Amino acid sequence: IYLGADIELNKGNAEDWRNGEKIKGLLPWIPIGTAEHKFAGTFNGQGHMISGVYASDRTMAGKTNWYIGLFGCVTDATITDIRVMNSLFEGGAYLGTFAASAVNTKFTDLYSNAYVEAKYDNSYAGQAGGIVSTFDGGQNGALTNCWFAGEVNTGTYGYTGGLVGLINGGTIEVSACLNTGTVYSEGKYVG
């Protein structure tokens, strides 16, 4: 999949959407790929920007979505060359700007200044990373030239990271990546 132009999904300020404020009328984002039907291809943003993403389990028609990000669950995939700006990813248990759960996936040339907030029943809990929430096993995962400049929050519980929340087995290679964002957690698993 190739992105051919910048996309603005919602106007307004993502900071105002936090805690359910000013969300009336927003177009919700439904993550690509589920636990049952993982995305297993290539997404090339060709340097374009997606802004105004509002991805929240509030928008799932009463169903809890545990995997929230631009992509929910990915396996044997490549996500490359895209910027996500002025966006909010909240709820669920696994949250990351670009993917909630990844196996054998390569993330390259990515930038995000999004808010990533693992909330469940109005309390912070879960696994959250600025780029990817969780690498779930596999031997071919990679983060290359990724930059997170937003905010990640899991509060008291969970695994929290500026780039990745949790590496749950397997091996990933990280090179030329940077976190200049803010990471909030009162828990003991913070990176």
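**Entry 1: Glu21**

I began with Glu21, which is found in the loop between helix H1 (14-17) and strand S2. I noted that helices (H or I, at least four residues) and strands (E, at least two) are DSSP runs, numbered from the N terminus. This is a predicted model, in which local features need pLDDT of at least 70, side-chain atom pairs count only at pLDDT 80 or more, and totals for chains, interfaces and linings use all residues. Residues are numbered from 1 along each chain as its sequence is written, and side-chain values use heavy atoms, with hydrogens and water left out.

Is Glu21 buried or exposed, or in between? Glu21 counts as partly exposed because its relative accessibility is 44%; buried means under 20% relative accessible area, exposed over 50%, and partly exposed in between (1.4 Å probe, protein chains only). I then took the C-alpha to C-alpha distance from Glu21 to Ala40: 35 Å in space, for 19 residues in sequence.

**Entry 2: the whole chain**

The C-alpha trace spans about 40 × 40 × 35 Å along its principal axes.

Of the 191 residues, 51% count as buried. The chain exposes about 8500 Å², and carbon and sulfur atoms supply 50% of that area; the areas come from the Shrake-Rupley method with a 1.4 Å probe, and for residues only the protein chains shown count as cover. I also checked contacts (heavy atoms within 4.5 Å). Among those with a separation of 6 or more, residues 24 or more positions apart account for 82%.

**Entry 3: nonpolar cores**

A nonpolar core is a set of buried Ala, Val, Leu, Ile, Met, Phe, Trp, Tyr and Cys residues joined through side-chain atoms within 4.5 Å. Which members of the largest core touch the most other members? They are Phe89, Phe107, Ile131 and Leu143, out of 36 residues. Elements that give two or more residues to this core include strand S2 (42-51), strand S10 (106-112) and strand S16 (141-148). I found a second, separate core of six residues, with Ala14, Trp17, Leu26 and Tyr115 among them.

**Entry 4: aromatic pairs**

I counted seven aromatic pairs. Rings of Phe, Tyr and Trp (its six-membered ring) pair if their centres lie within 6.5 Å; planes under 30 degrees apart count as stacked, over 60 as edge-to-face and the rest as tilted.

Trp17 and Tyr54 are edge-to-face, at 6.1 Å centre to centre and 80 degrees between the planes. This pair links distant parts of the chain, since Trp17 is in helix H1 and Tyr54 in strand S3 (residues 54-56), 37 residues apart. Trp17 counts as buried at 2% relative accessibility, and Tyr54 counts as buried at 2%.

Why is the pair of Phe39 and Phe71 tilted? Their planes are at 50 degrees, with centres 4.9 Å apart, so the pair is tilted. Phe39, Phe43 and Phe71 form one aromatic cluster.

**Entry 5: cysteines**

A disulfide is a pair of cysteine sulfur atoms within 2.5 Å, and by this rule I counted zero disulfides. Cys146 is in no disulfide, and the nearest cysteine sulfur, that of Cys177, is 4.4 Å away. Cys146 counts as buried at 1% relative accessibility, whereas Cys177 is partly exposed at 22%.
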